[in-house]
Amino acid sequence: MAAPGRVTPRQVADSFSGRVGVYVHVPFCAQICPFCPYNKVLADDGLARRYFAALGTEVDDLVAACDDAGRVPFTSLYIGGGTPTLYPDALAALVARIPVTGERAIEVLPTHGTRAGLDRLAALGFSAVSVGAQSFHDDVLRRLGRPHDAAAALAAVENAVGRFTVDVDLIVDVAWDDDPATAGAFLTDLRTCLALGVDQVSTYPLMRFGYTPFGAARHDRDREHAVLRAATRIASEAGYERRSVWTFNRVGATSYTSITRPRFVGMGAGSASFAGRDFWVNHFGLRQYCESVESGRLPIARWLHLGRAGALYDSFWQAYAGGVDLRETRGTFGAVPAGVLRAALALLALGRWLSPVEGGYRLTPRGFDLYHDLERWVTYELIEPLWAEMLVEHPWAEPAQARRSHVWRVARAVFERS
Ligand SMILES: C[S@@+](CC[C@H](N)C(=O)[O-])C[C@H]1O[C@@H](n2cnc3c(N)ncnc32)[C@H](O)[C@@H]1O
Ligand code: SF4
């Protein structure tokens, strides 16, 4: 089997079966938020020119290979960051290179959610936007070190509603609820979103990645559950349903999905691709990313060959979105993984965390609570250690401060191809 740096576009394309979405990462931000664990760098025009040239090459190579393998047009496009709208001309050129039949979604920093900015996104064919409001309280935004105020967050949401499928990201740190300056801010923010008629509200518990200036994790599990339960009640009274662990959707509205697309090919520094049995991660560092592409290779830095264990990864993200369809698991991974999974899920159904539906299971309210804890565990045991290793490629990170995880070490030893 080839080393990650020798994987060819055709190999990636051939690993997929069925529908494929595209994820593109734009890692530039005008200002860095101290809580943010994602792959990003301070914007620099020279670096951006080099990056977008390399990204264009990676996109063209993967699109051509996927075309040869019969996977084009792609079913969806998701552009995340960083701040994907920071270089609008480069963004337009990028979108034009990627043939997509379905939804085009993009993350929008509030200060870029002006009428003119959103007009431009609509003209590029974007049908869904996620506004990174985080809060409509200036005290909370200051604590988060955000580069915008509450008025900008509100204006961006108002400008977007009715034109796109609109998701609004809110961050909740229950510890801040003890502080009179920010007490109750999150539930008030949720009510604001519901009153504005957004399609979806994503309510992310603040995750503290050890390598960010916010420092290592501390969570009050019981209070997080209580706050999410209160959010579920408030949302339901306003005609919204809890459609995934951390999202509330207007009943009947389209979901805005980022992390739950079933199969996706990633392009750009720090992006990942998931083909069911294989998981690839691109270089995080922009220099390493550009050098790989410029020397004629895919910028893949890590390769986890999950094999049939991919069924576990797959069902984990299906469950985030509310349920597991075992027919899909059987179709992709075969009868044995689907059978093992069915037995495990049946046990969870006995504990009333799941309820049976046609073809699989759905999470019950108790199940959403359990999943919330599981997601936090996965974040700190698997995602943080992987990203910390990848972020070594950046000068800004402090990977030594990241959480150590035996679980990640075992997963790496079992699945990684080097
Ligand atoms: C890629 S990020 C941000 C997109 C855009 N640059 C912005 O800031 O608006 C997508 C979302 O992840 C969430 N997020 C970022 N850091 C987080 C953290 N440490 N814990 C929980 N959620 C986080 C935020 O809600 C954010 O809007
Ligand atoms: S939260 Fe958004 S704007 Fe802030 S550093 Fe992260 S990607 Fe950039």
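## Working through a predicted model

V245 lies in the loop between strand 9 (240–244) and strand 10 (247–250); helices (H or I, at least four residues) and strands (E, at least two) are DSSP runs, numbered from the N terminus. Before you dig in: this is a predicted model, where local features need pLDDT of at least 70 and side-chain atom pairs pLDDT 80 or more, while totals for chains, interfaces and linings use all residues. Residues count from 1 along each chain as its sequence is written, chains are lettered from A and ligands numbered from 1 in the order in which they are written, and side-chain values use heavy atoms, with hydrogens and water left out.

### Exercise 1: the loop residue

Work out whether V245 is buried or exposed, and what V245 touches.

Step 1. Use the cut-offs: buried is under 20% relative accessible area, exposed is over 50%, and partly exposed is in between (1.4 Å probe, protein chains only). V245 has 0% relative accessibility, so it's buried.

Step 2. List the contacts (heavy atoms within 4.5 Å). Skipping residues up to four places away in sequence, you get A319, Y320, F368, Y371 and H372. Y371 is 126 residues off in sequence, yet the two C-alphas are 7.0 Å apart.

Step 3. Follow A319 and Y320 into helix 10, where both are buried. Nine of the 11 residues of helix 10 (residues 310–320) are buried, so the helix is largely enclosed by the rest of the structure. Just after helix 10, G322 has a positive phi of about 115°.

### Exercise 2: the strands beside strand 1

Find how many bridges join strand 1 to strand 11 and to strand 4.

Step 1. Strands pair if DSSP finds at least two bridges between them. Strand 1 (residues 21–26) runs parallel to strand 11, with four bridges, and parallel to strand 4 (residues 76–81), with six.

Step 2. Pick out partners. G21 bridges to F264 of strand 11, V22 bridges to V265 of strand 11, and V22 also stands opposite L77 in strand 4.

Step 3. Check the faces. G21, Y23 and H25 point one way from strand 1, V22, V24 and V26 the other, and all are buried. In strand 11 (residues 264–267), F264 and G266 point one way and V265 and M267 the other, again all buried.

### Exercise 3: the ligand 1 site

Sort the residues that surround ligand 1, and find its contacts with F35, Q134 and D169.

Step 1. Take every residue with a heavy atom within 4 Å. That gives 17, the closest being G82, Q134, R146, D169 and M207. Strand 6 (128–134), strand 7 (165–172) and strand 8 (200–205) each supply at least two shell residues.

Step 2. Sort by class: Ala, Val, Leu, Ile, Met, Phe, Trp, Tyr, Cys and Pro are nonpolar, Asp, Glu, Lys and Arg charged, and the others, Gly among them, polar. You end up with nine nonpolar, five polar and three charged.

Step 3. Look at N and O atoms. A ligand 1 nitrogen is 3.0 Å from a backbone N or O atom of F35. A ligand 1 oxygen is 2.7 Å from a side-chain N or O atom of Q134, and an oxygen is likewise 2.7 Å from one in the side chain of D169. Taken alone ligand 1 exposes 570 Å², of which the protein buries 92% (Shrake-Rupley areas, 1.4 Å probe).

Note on methods:
A polar contact is a pair of N or O atoms within 3.5 Å; within protein, one must be able to donate a hydrogen and the other to accept it, and residues adjacent in sequence count only if both atoms are side-chain atoms.
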